[in-house]
Each structure stands twice: as C-alpha cells, then as structure tokens.
Amino acid sequence: MKLWKIALIGLGSVGRGVAQVLKDNPQFIIIAAADSKSGVINPSGLDIEVLLAKKKTTGRCGDPKLSAARIAAEADYDILIEVTPTNSVTGEPALSTIKTALLRSKHVVTSNKGPVSLASAELLGIAEEKNVGFLFEGTVAGAVPILRGIKYGLAGNKITALYGVLNGTCNYILTRMEGEGLTYEQALAEARDLGYAEADPSSDINGTDAAIKLVILANTMLGMNVTLADVNQTGISGLTVAALHMANINGQSIRLIASLNPEKNTLEVSPRLLPKDNPLVVSGTLNAVTVETEYAGAITFIGRGAGSVETASAILADLLFITDKYDR
Ligand code: HSE
C-alpha cells in the first residue's frame with residue numbers, strides 16, 4: 001500500500017475531524033501539523049491524539065519557531081490539508097500557505113473558504129500547471145458533495161439557476177427559534193458551543209458566509225467571474241421569534257436563501273418565506289441546494305452543512321479523489 005504523507009495545517013474543529021477520519025484510512029500518514037502558534041514535523045508519523053492533548057493543555061501543538069508557512073515550504077509531504085479559519089478579506093495566511101504548497105507541486109485539499117472565494121482561478125491555474133490536485137469540496141455545504149455533484153454528476157447540463165440554504169449556523173438558529181421559541185441570542189450561543197459557527201460568528205449571521213459559498217459555486221462550477229461585493233446580501237439578525245411564529249401560522253418557514261442566476265449575473269443572500277413543504281425548508285445544520293438544469297430539471301442536494309467530522313468527510317473524499325487520480 002502506498003503511503004501518502006500529509007501536512008495538516010489547522011487543529012481546530014475541522015482539523016480534529018480530519019484526524020478522526022484519517023485514523024480509519026491508514027494509507028494516509030500525518031507527518032507534519034501546525035496550529036496558529038506552532039508546528040511539528042515527524043517523517044515517521046505523528047500521533048495526533050497526543051498533539052491535540054498537548055494543544056489543549058499548553059495552547060500549542062509543537063515548536064513556536066515552526067510555522068505553517070515553514071511546514072508548507074520545507075516539509076516532505078505529498079498532500080497539504082489546510083483547515084484554518086476563513087479570512088474572507090485577504091484569505092491569509094491560508095492563501096500563501098496553499099500557494100507555497102502548489103508551487104512546490106504538492107496536492108492541496110482545503111475547507112478554507114477565503115482563498116477559494118478570492119483566488120480560485122489563480123490557484124487552480126497553478127495546480128494545473130504543476131499537475132497536482134487542488135480540491136475544496138468542504139468549502140461549500142459541508143458534507144454535501146455539491147461541487148462534485150455539479151461538476152461530474154450533472155456534467156453537460158447547463159445550470160440555469162441555483163438556490164439554497166448554505167449556512168448551517170443560521171439554519172440552526174432559525175430552526176431553534178421557530179421550533180423551541182429560543183431567542184436569537186440563545187440559539188446563537190448554542191450554535192457556537194456546538195462548533196458550527198465561524199471563529200467570528202457575525203459572518204454567519206450577516207450572510208457573508210453564505211455569500212462566500214455562493215461566490216465559490218459561481219466561479220468554480222458555473223463559469224462566472226464574481227466577488228463577494230457582487231452579492232446582494234442581507235442576514236438574519238433582524239428576524240424575531242414573532243416573525244417566525246407568524247410565518248408558521250401561515251404554513252410557512254423563513255430560511256436564509258442564497259441564490260444565483262448565471263444568465264442575469266445576479267447573486268443574492270436574504271431571508272425568504274417558503275412553504276413548509278419546500279425541499280429547502282431543512283432543519284438544524286442541514287444545508288440544501290436546488291440546482292435547476294437544462295436536461296435534468298431541478299435537483300436538490302440535502303445534507304449536513306457544518307460540523308467537524310461532516311466537513312472532514314468532504315476532505316476525505318477529496319483526498320481519495322487525489323490518490324485515485326495521481327498515483328505518485
Ligand atoms: N459556519 C459555517 C456554517 C460552517 O455554519 O455553515 C460551514 O462552512
């Protein structure tokens with residue numbers, strides 16, 4: 001069995017999920033890891049449980065002099081997994097880490113939305129030139145294989161519209177407010193405790209996280225060329241329990257819907273009233289995306305859109321795609 005050497009950058013919620021799923025996939029060996037303050041390399045393989053325990057007690061997994069940037073530039077790995085928190089303004093430091101790895105002809109798998117929403121064309125261009133994989137299934141809709149579903153499952157179909165629930169935190173909050181009558185603040189506190197929210201949860205609440213995912217879908221799957229500034233965006237912080245209650249009485253639910261129309265070049269994120277039997281009225285952290293196509297009609301993908309091991313599921317699929325395609 002060929003062993004694939006992994007550099008794991010990011011030991012937060014998603015990094016822990018990745019460590020967990022890799023335990024069941026012994027063809028992958030983690031030879032380097034980094035958190036935001038330190039790093040560690042061991043060519044014969046790292047015990048991630050030990051590292052995570054060390055990080056919990058000391059706040060660091062390794063040597064403060066060994067940064068993610070140095071690991072990306074110097075370590076002897078085959079695939080770099082980048083799962084640090086999203087920076088939607090600069091994409092950094094993840095953008096530089098990913099670029100360094102690709103320029104060294106290393107495969108990269110990431111769930112980090114910042115670099116992909118800001119620089120997908122450039123990063124995919126480098127990957128193509130270097131003949132390596134740059135995959136990011138976990139950036140959109142967590143465990144739901146929406147990117148591969150569109151690219152391969154719906155290959156050849158023209159997509160005429162796409163709309164869906166792309167933020168698990170907002171959906172969780174709306175579900176808890178609607179179902180249990182929790183206030184917005186109580187429901188947000190729960191979503192944070194459960195590890196669904198971004199490091200800065202205001203980007204979930206104000207619609208930015210869903211907008212970033214829409215940009216990734218638009219640019220990488222629908223041939224568009226847009227930025228976050230092109231998304232007309234409204235969040236959920238203005239919604240009250242009373243508004244949700246009123247919708248409920250009328251047989252409706254409110255969901256934060258991200259939508260795009262490639263022909264009109266329009267992108268929008270906003271709370272919308274939907275009949276309760278609409279497939280996009282999903283509960284908790286589920287995401288749902290309806291893709292309208294030329295030949296296949298409308299297809300809806302539904303599944304867990306946030307969470308540690310759920311996002312790691314998408315990362316594992318990307319890793320296996322790489323090991324299948326690039327045998328080296
Ligand atoms: N904070 C994000 C969400 C995580 O709630 O959907 C997954 O991208």
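Two strands pair if DSSP finds at least two bridges between them. Strands are DSSP E runs of at least two residues, helices are H or I runs of at least four, and both are numbered from the N terminus. Keep that in mind for the sheets.

Now the ground rules. This is a predicted model: local features need pLDDT of at least 70, side-chain atom pairs count only at pLDDT 80 or more, and totals for chains, interfaces and linings use all residues. Residues are numbered from 1 along each chain as its sequence is written, and side-chain values use heavy atoms, with hydrogens and water left out.

Strand 10 first. Which residue of strand 10 is the bridge partner of A258? That is V269. Strand 8, residues 231-233, pairs with strand 10, residues 266-275, in the parallel sense over three bridges. V269 turns up again, with Q233 standing opposite.

Six strands, order 3-2-1-4-5-6, mixed pairing. Strand 3 (39-41) and strand 6 (134-135) are the edges, and each pairs on one side only. Strand 1, residues 4-9, runs parallel to strand 2, residues 28-34, over six bridges. I9 has A34 as its bridge partner in strand 2.

On to the ligand. What surrounds the ligand? The shell holds K113, N167, G168, T169, Y196, A197, E198, D204, D209, K213, G305 and A306, each with a heavy atom within 4 Å. By class, that is three nonpolar, four polar and five charged. Here Ala, Val, Leu, Ile, Met, Phe, Trp, Tyr, Cys and Pro count as nonpolar, Asp, Glu, Lys and Arg as charged, and the others, Gly among them, as polar.

Now the polar contacts, meaning pairs of N or O atoms within 3.5 Å. A ligand oxygen lies 2.8 Å from a side-chain N or O atom of K113. A ligand nitrogen lies 2.8 Å from one in the side chain of D204. For K213, a ligand oxygen is at 2.9 Å from a side-chain N or O atom. The protein covers 92% of the 260 Å² of accessible area that the ligand has on its own, by Shrake-Rupley with a 1.4 Å probe. Helix 7 (168-180) and helix 10 (208-221) are the elements giving two or more residues to the shell.

Conventions: A polar contact is a pair of N or O atoms within 3.5 Å; within protein, one must be able to donate a hydrogen and the other to accept it, and residues adjacent in sequence count only if both atoms are side-chain atoms.
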